[in-house]
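Subject: Structure handover and findings

Dear colleague,

Please find below the structure that I am handing over to you. My notes on it follow directly after.

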Amino acid sequence: MLAIRNLNVHYGGIHALRGIDIDVPDGKIISLIGANGAGKSTTLKSVMGLVAKSDGRVFWDDTEITSLRTKDIVAEGIILCPEGRRIFPDLTVDENIAAGAYLRKDKAEIARDREWVYNLFPRLSERTWQLGATLSGGEQQMLAVARALMSKPKLLMLDEPSLGLAPLVIKDIFNVIQKIREDGVNILLIEQNAKVALDISDYAYVMETGVITMAGPGKALLSDPRVQQAYLGE
Amino acid sequence: MDTRLDNKKKIALSAACLILFMVFVYFGDIMIRPGSSMKMLITVIEKGSIFALVAASMNLLNGFTGLFSLGQAGFMLIGAYTYAIFTIPADSHDKVYQYFNGGIIKWSIVEILESKLGLAGHYLGMLIPMLMAGLLVALIGFLIGIPVLRLKSDYLAIATLGFAEIIRAFFQWNTLGPLTNGSNVLRKYTTYKNAIFPVMIAGISIAIILLLINSTYGRAFRAIRDDEIAAEAMGINLFKHKEMSFVISSFFAGISGALLAMFQTTISATPFTTVMTYEILLIVVIGGIGSITGSVIGAFLFTAASEWWLRGLDAGKWMGISSSLMRPGFRKVVFAILIMLIVLFYSRGIMGDKEFSWDGFFAWCKSRPAAVKAWPEKRKASRAAKKEARAVKSAAKARAKQAKEEKEARKSSGEGLFTPLVLADHVVVFEKEGRNG
């Protein structure tokens with residue numbers, strides 16, 4: 001499991017994260033919801049070592065990963081699927097997926113995982129030779145998730161997978177996210193689209209301006225009047 | 001105390017400095033004996049001013065219009081040839097064009113005008129071919145610009161570089177021999193008598209470039225450099241202005257080519273390779289991309305270094321050091337390393353994108369004593385910062401090592417690294433800012 005303790009991040013003079021505590025237990029989907037600029041993406045980026053932490057510690061099972069470099073964190077089994085998809089537009093779908101296994105050397109297992117992600121996203125298996133740029137937005141998001149899975153993570157951190165996608169496509173992707181969890185990958189999900197995220201989450205944290213303000217089981221938060229008013233527009 | 005000067009005083013000061021410089025160059029060239037080391041200074045000023053002009057013209061394109069063009073050497077070549085061809089005295093033609101029956105042009109503009117107007121005709125006879133050189137290069141720049149300026153960034157650089165090489169090959173073509181003397185050198189053409197000539201021509205040309213940059217057109221150029229789409233949205237005709245900048249830059253490259261022909265007294269197409277373009281680019285980068293004064297300073301520094309200070313690197317002995325590495329060509333290696341270092345650590349160049357101004361100069365002079373005084377403090381601070389960074393790094397290393405040891409210890413004892421949070425089965429609200437644990 002992943003444990004974030006008292007995480008603090010400064011961007012210049014701006015105190016972006018002010019003491020965040022989050023747990024991602026094994027076999028669970030945990031989500032982090034909140035408005036624009038609350039610090040959700042920063043949380044993930046600082047866990048990955050992409051943004052410098054000014055205070056706090058991050059644990060991964062019985063290892064402290066606070067000061068590891070990003071590539072070592074990936075090697076530990078944590079992967080970030082970044083916001084806005086960021087697939088490689090001039091590589092084919094197959095090459096994009098192969099790029100996800102960059103740090104791995106076990107050829108047979110890589111082949112097996114390739115089967116696995118193509119089974120998760122049959123749409124991609126029909127388009128293995130297509131260039132990334134020619135995919136639709138939803139397919140690109142699928143490709144981004146598939147690419148992340150190729151590092152064989154134990155924890156998949158998804159940053160806004162629903163960004164800019166049609167409701168039907170979002171549904172597809174969130175169904176697959178649940179399937180991925182069943183395959184034994186823990187998931188930390190960031191979403192502005194609180195409804196879809198809370199729907200599938202075992203537990204969720206609500207974030208506001210760098211602070212966790214509420215927490216609870218996904219379904220309980222979904223029916224909470226404060227959450228409904230602030231994030232669900234009801 | 002306000003050290004700002006009013007405009008009149010500034011102009012007077014600039015004029016005084018320029019006149020003093022001119023007088024120094026003029027009498028320096030007359031009075032200093034050939035062979036003395038001070039003669040080198042005059043040579044550097046001559047060649048430096050020629051390179052200052054071509055660097056300024058390149059900066060107009062690269063620094064002010066944002067067009068990464070590498071065709072300058074080719075344009076200089078056309079300028080140099082145009083000037084030389086029209087000023088070879090009539091009775092020297094048979095000697096110069098010995099393989100081409102004396103060539104097809106049998107007259108010299110200088111001689112024709114000199115016979116009619118005397119001394120004034122002599123100088124007019126030099127200025128007219130020079131102007132022709134500029135105009136011809138401008139025309140060729142215009143024609144090349146039509147297809148080439150539709151390209152962007154590196155592609156434009158490659159295309160202009162290609163054209164420069166084509167021009168060089170074209171001028172060495174034997175069929176053009178009666179005009180260009182094929183691959184043989186052109187010589188015996190009229191050159192200037194005193195170093196003040198190239199200095200004045202280059203000075204006037206650079207002044208024109210400066211005026212252009214500060215005009216409405218110059219603003220349009222800089223707008224294009226900063227953001228093409230925004231510039232177009234403001235109603236600036238992108239192609240027209242790029243073409244204009246390209247043509248003007250070509251014109252001055254042509255003029256500087258003519259001056260270089262005079263400086264060298266013989267000219268052939270061979271040295272106008274891409275290496276020469278890179279030297280000009282080096283000057284522009286050293287001086288600061290987007291600063292004409294930077295280009296001028298860079299040109300003099302570069303010329304002084306390559307012709308004077310670093311000569312010894314090719315000759316086997318430099319500043320008392322001698323090494324078997326120092327043989328002809330080693331200077332180029334040093335320059336290559338220099339440009340890498342500049343690009344890596346000092347990419348803004350000497351002047352950045354600022355121009356020289358008297359206000360800035362005096363403010364700089366005034367700030368020197370304080371800066372010198374503050375220097376030890378600054379150095380101390382930077383040293384402390386470095387030390388701290390090293391300490392942080394080694395601390396992280398030590399922490400990682402310790403964590404590894406702890407991890408091993410814990411593994412054997414079966415104890416957890418952290419206490420998991422309590423995930424409640426109801427909604428928890430954290431009233432207090434900050435912590436939720």
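The notes below cover conventions, a strand group, a helix pair, the nonpolar cores and the chain contact.

This is a predicted model, in which local features need pLDDT of at least 70 and side-chain atom pairs count only at pLDDT 80 or more, while totals for chains, interfaces and linings use all residues. Residues are numbered from 1 along each chain as its sequence is written, and chains are lettered from A and ligands numbered from 1 in the order in which they are written.

Helices (H or I, at least four residues) and strands (E, at least two) are DSSP runs, numbered from the N terminus. Strand E7 of chain A, residues 155–159, has five of its five residues buried (20 or more other C-beta atoms within 10 Å of a residue's own, with C-beta atoms placed from the backbone). Leu155(A), Met157(A) and Asp159(A) point one way from E7(A), and Leu156(A) and Leu158(A) point the other way. In a regular strand the side chains alternate between the two faces of the sheet. E7(A) runs parallel to strand E6 of chain A (residues 78–81), joined by four bridges; two strands pair if DSSP finds at least two bridges between them. E7(A) also pairs in the parallel sense with strand E8 of chain A (residues 186–191), over five bridges. Leu158(A) is the bridge partner of Cys81(A) and stands opposite Leu189(A) in E8(A).

Helices H3 (residues 93–100) and H6 (residues 137–149) of chain A pack at about 35 degrees, with their axes 6 Å apart; axes are lines fitted to C-alpha atoms over the stretch in contact, and angles run from 0 to 180 degrees between N-to-C directions.

The largest nonpolar core has 91 residues, a core being a set of buried Ala, Val, Leu, Ile, Met, Phe, Trp, Tyr and Cys residues joined through C-beta atoms within 7 Å. Helix H2 of chain B (residues 37–64) gives the most to this core, with 14 residues. A second, separate core of 71 residues includes Val24(A), Ile33(A), Val185(A) and Val227(A).

The contact between the chains takes 24 residues from chain B and 23 from chain A, where residues are in contact if their C-beta atoms, placed from the backbone, lie within 7 Å. Helix H17 of chain B gives the most to the side of chain B that touches chain A, with seven residues. Strand E10 of chain A (residues 211–216) pairs with E5(B) in the antiparallel sense over two bridges, and Met214(A) has Val429(B) as its bridge partner.

Yours sincerely

Technical notes: Buried ≥ 20, exposed ≤ 12 C-beta atoms within 10 Å, placed from the backbone. Contact = placed C-beta atoms within 7 Å.
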